[in-house]
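This report walks through a protein model with a ligand. Look at the structure below and follow the named residues as they come up.

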Amino acid sequence: MRQGQDAMDDATNASSIPVMMDDRDGSSDDVIEDRVQQEYQWGWSTEIEADLAPKGLNENIVRFISEKKGEPEFMLQWRLKAYRHWLTMREPSWANVKYPPIDYQDAYYYAAPKKKAELQSLDEVDPELIRTFDKLGIPLEEQKVLAGVAVDAVFDSVSVATTFKSKLAEMGVVFGSFSEAVHNHPDLIRKYLGTVVPYTDNFFAALNSAVFSDGSFCYVPKGVRCPMELSTYFRINAQNTGQFERTLIVADEGAYVSYLEGCTAPMRDENQLHAAVVELVAMDNAEIKYSTVQNWYPGDKDGKGGIYNFVTKRGACRGVNSKISWTQVETGSAITWKYPGCILQGDNSVGEFYSVALTNNWQQADTGTKMIHLGKNTRSTIVSKGISAGQGQNTYRGLVQMMKGATNARNFTQCDSMLIGDKCGAHTFPYIEVRNSTAQAEHEASTSKIGEDQIFYCKQRGIGLEDAVSMIVNGFCKEVFRELPMEFAVEAQKLLGVSLEGSVG
Amino acid sequence: MLEIRDLHATVEGKEILRGIDLAVKVGEVHAIMGPNGSGKSTLAQVLAGHPAYVVTKGEVLYQGKNLLELQPEERAQRGIFLAFQYPVEIPGVSNSYFLKAALNAVRKAQGLEELDAIDFLELVKDKVKLVELPEALLHRPVNEGFSGGEKKRNEIFQLAVLEPRLAILDETDSGLDIDALRIVSQGVNRLRRPGNSVLVVTHYQRLLNYIVPDCVHVLVNGRIVRSGSKELALELEEKGYDGIADEGDETVAEAAQGEARVV
Ligand SMILES: Nc1ncnc2c1ncn2[C@@H]1O[C@H](COP(=O)(O)OP(=O)(O)OP(=O)(O)O)[C@@H](O)[C@H]1O
Ligand SMILES: [Mg+2]
């Protein structure tokens with residue numbers, strides 16, 4: 001849709017941060033091209049201030065990133081351990097997705113946007129970002145900020161705008177960029193970082209731990225109910241730059257927080273790796289609600305380009321009666337590999353996973369959840385709605401484990417797939433392991449085709465094709481949308497409509 | 001209002017309508033009767049534009065214009081309403097949300113202002129009373145888990161809200177209890193205006209006591225074999241389709257033997 005526009009904007013951006021231009025960009029602007037070549041020759045060793053590490057990954061790059069961020073020694077050591085461990089690992093191949101091999105030495109691992117003067121207000125945020133939100137009917141500054149949402153807009157791995165911080169600080173809530181937290185609250189970082197997703201967890205988590213550049217951190221102290229939805233927007237901006245965000249949210253005893261993560265990305269030609277890690281910790285009687293709308297660039301109609309979204313998200317219900325609830329709406333990315341899970345350690349703790357995953361054109365999604373029941377009377381609910389259109393492939397992969405101590409644990413899983421057209425696919429892989437005889441897991445699954453008769457019924461009442469499809473699909477996803485905060489639900493419904501454009505007809 | 005000329009239509013390659021001629025004038029009510037499988041619903045679906053039914057010959061004029069070149073939603077926006085024999089369920093979409101979307105789509109296409117939630121509720125309140133629709137049904141997903149009779153009543157409720165120019169009722173009376181039949185018919189009658197027309201498909205003369213037709217057509221094996229005044233329905237009830245066939249029309253006789261069963 002906006003391809004031309006974006007290509008131009010990219011070219012303009014690139015001229016202000018020349019090294020970020022890649023010769024594969026295909027830009028016809030010779031002047032810029034020349035400058036790129038020049039800058040490239042100079043290399044980073046003489047131009048460390050370029051805010052861009054050279055391509056490739058080695059210990060020096062890890063040190064460069066840590067140094068760039070002025071991190072304390074413990075962070076550097078942690079990163080290095082992660083990096084060394086990563087070297088011993090292999091990229092997982094069990095997921096039901098196909099993509100050409102990724103050359104990890106052919107990517108940049110650190111890029112920060114050129115620092116402008118400090119932003120006075122959100123008006124100064126990149127207008128392109130605002131425009132994307134407008135299209136979805138959500139002007140960032142108006143709807144989010146006026147609605148009482150603290151916005152921590154992150155793009156290119158570095159946080160550029162944070163609001164409502166002082167209000168939160170009054171209540172003792174720490175909320176801001178990860179780098180800031182490393183400086184201001186190293187004790188908290190040290191205590192919780194990697195305790196839910198250790199760097200040994202998987203290939204992408206190890207990579208992230210070694211090279212993550214920034215992300216969000218939130219700590220809600222004992223007994224505090226965070227009065228507003230915390231929200232972060234991510235955006236991939238620098239071409240060919242792997243994105244490695246890291247988010248850590250801790251709700252101390254009796255605390256409550258609802259966190260929204262929304263992603264949009266502009267048109268891209270190159271496949272881009274996005275390997276984020278999110279860790280949640282809920283102590284006794286604490287509750288965390290984590291909602292995501294993911295709309296990274298999915299690639300074009302022919303399957304060219306698009307983001308590889310390989311994310312590790314996990315929450316630990318450490319305390320008794322704690323609760324973690326994941327709600328996700330995944331409409332973007334060329335490939336999604338993502339299993340937000342809960343470790344239900346505290347007795348009576350509750351884990352929830354509500355998911356809508358949509359694949360259109362050549363998109364592939366292998367997503368689901370892991371619910372690990374350790375404590376007594378732990379409960380988990382999984383509701384997954386997969387929608388496949390075009391040539392899209394949608395896989396639900398869920399693990400429910402009831403360990404020995406999980407007396408009277410309960411799980412309910414409902415897994416529904418909807419197919420639009422006959423070239424797409426839906427696949428379901430539920431894994432259930434029960435090692436305690438009093439524990440029970442229940443699984444329901446269904447697959448349906450979007451009905452020609454349903455569409456005709458809508459049309460016969462005067463409703464056009466695209467609205468009809470969007471209405472039927474939104475109805476199908478109702479149980480998940482109900483879990484989203486109000487304004488996010490509206491956004492998500494629009495997104496489904498936009499993502500399905502042209503999929504029927 | 002509606003003029004059908006030599007209409008032939010197939011479904012899955014099989015010819016179902018084999019030359020229908022029918023003219024409905026503004027303000028008239030026409031009834032179509034005929035044995036199971038004779039093509040009554042097919043005719044209704046063709047008029048509404050269902051993609052599974054292919055018109056192979058003939059033409060249909062609606063308000064003097066070629067109906068067949070319009071998309072189903074355009075037909076609806078121009079005032080054609082089909083009360084389905086088997087209304088479709090749409091899980092997760094509330095009945096009132098659906099109807100509001102429909103009404104506003106139609107209004108928009110007609111250049112009218114769209115109704116906001118408050119005006120819509122106001123309108124709906126009246127119509128709910130008209131067809132005595134249990135209000136709870138408004139908030140449930142469209143037709144999901146509705147009883148057979150509730151689905152039919154819901155169709156008439158939608159008709160009442162959308163106020164079409166040409167209403168096609170496909171066996172709206174089947175599955176209704178006596179009271180419901182009266183209520184639904186009253187609902188339809190109250191919407192009869194000089195400018196509107198109705199096409200009723202039914203198996204039972206009983207409905208025609210309530211919704212009195214100007215004209216009754218008998219459809220057998222894809223053709224209209226007889227047309228007459230409302231008395232024809234009485235005759236049919238008495239003699240059955242075979243009886244009608246006995247009166248000398250050979251096509252009818254053939255057709256009736258092949259396909260018809262008396263209802
Ligand atoms: N979608 C379809 N696919 C295959 N055959 C169809 C389809 N729709 C209709 N038919 C066939 O066309 C013929 C006419 O069906 P139609 O529904 O029009 O009959 P009808 O007159 O409405 O019957 P009834 O009184 O039972 O409702 C039947 O033989 C039916 O099986
Ligand atoms: Mg029928």
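## Loop residues with positive phi

B:Glu171 sits in the loop between strand S9 (166-170) and helix H7 (178-190) of chain B. Helices (H or I, at least four residues) and strands (E, at least two) are DSSP runs, numbered from the N terminus. The phi of B:Glu171 is positive, about 50°, although the residue is not a glycine. B:Glu171 is buried, with a relative accessible area of 8%; buried means under 20% relative accessible area, exposed over 50%, and partly exposed in between (1.4 Å probe, protein chains only).

This is a predicted model, in which local features need pLDDT of at least 70 and side-chain atom pairs count only at pLDDT 80 or more, while totals for chains, interfaces and linings use all residues. Residues are numbered from 1 along each chain as its sequence is written, chains are lettered from A and ligands numbered from 1 in the order in which they are written, and side-chain values use heavy atoms, with hydrogens and water left out.

In chain A, A:Asn377 is also not a glycine and has a positive phi of about 55°. A:Asn377 belongs to the loop between strand S16 (364-373) and strand S17 (379-389) of chain A. A:Asn377 is partly exposed, at 36% relative accessible area.

## A buried loop residue and a covered helix

A:Asn436 is found in the loop between strand S20 (425-434) and strand S21 (440-449) of chain A. With a relative accessibility of 8%, A:Asn436 counts as buried. Its side chain makes a polar contact of 3.4 Å with the side chain of A:Thr407. A polar contact is a pair of N or O atoms within 3.5 Å; within protein, one must be able to donate a hydrogen and the other to accept it, and residues adjacent in sequence count only if both atoms are side-chain atoms.

Helix H11 (residues 452-460) of chain A is mostly covered, with 7 of its 9 residues buried. Among them are A:Ile455, A:Phe456 and A:Lys459. After H11(A) comes A:Gly462, which has a positive phi near 105°.

## Aromatic rings

Over all chains, the whole structure holds 21 aromatic pairs. Rings of Phe, Tyr and Trp (its six-membered ring) pair if their centres lie within 6.5 Å; planes under 30 degrees apart count as stacked, over 60 as edge-to-face and the rest as tilted. The ring centres of A:Phe178 and A:Phe212 are 5.2 Å apart and their planes are at 80°, so this pair is edge-to-face. A:Phe178 lies in helix H8 (residues 178-184) of chain A and A:Phe212 in the loop between helix H10 (203-211) and strand S4 (216-220) of chain A, so the pair ties together parts 34 residues apart in sequence.

A:Phe178 is buried at 1% relative accessible area, and A:Phe212 is buried at 1% relative accessibility. A:Arg79 lies over the face of A:Phe212, at 4.2 Å from the ring centre. A charge sits over a ring if NZ of Lys or CZ of Arg is within 6 Å of the ring centre and within 35 degrees of the ring normal.

## Ligand 1

Which residues come nearest to ligand 1? Of the 16 residues around ligand 1, they are B:Gly37, B:Lys40, B:Ser41, B:Thr42 and B:His203. A residue is near a molecule or strand if one of its heavy atoms lies within 4 Å of it. A polar side-chain atom of B:Asn36 is 2.9 Å from an oxygen atom of ligand 1.
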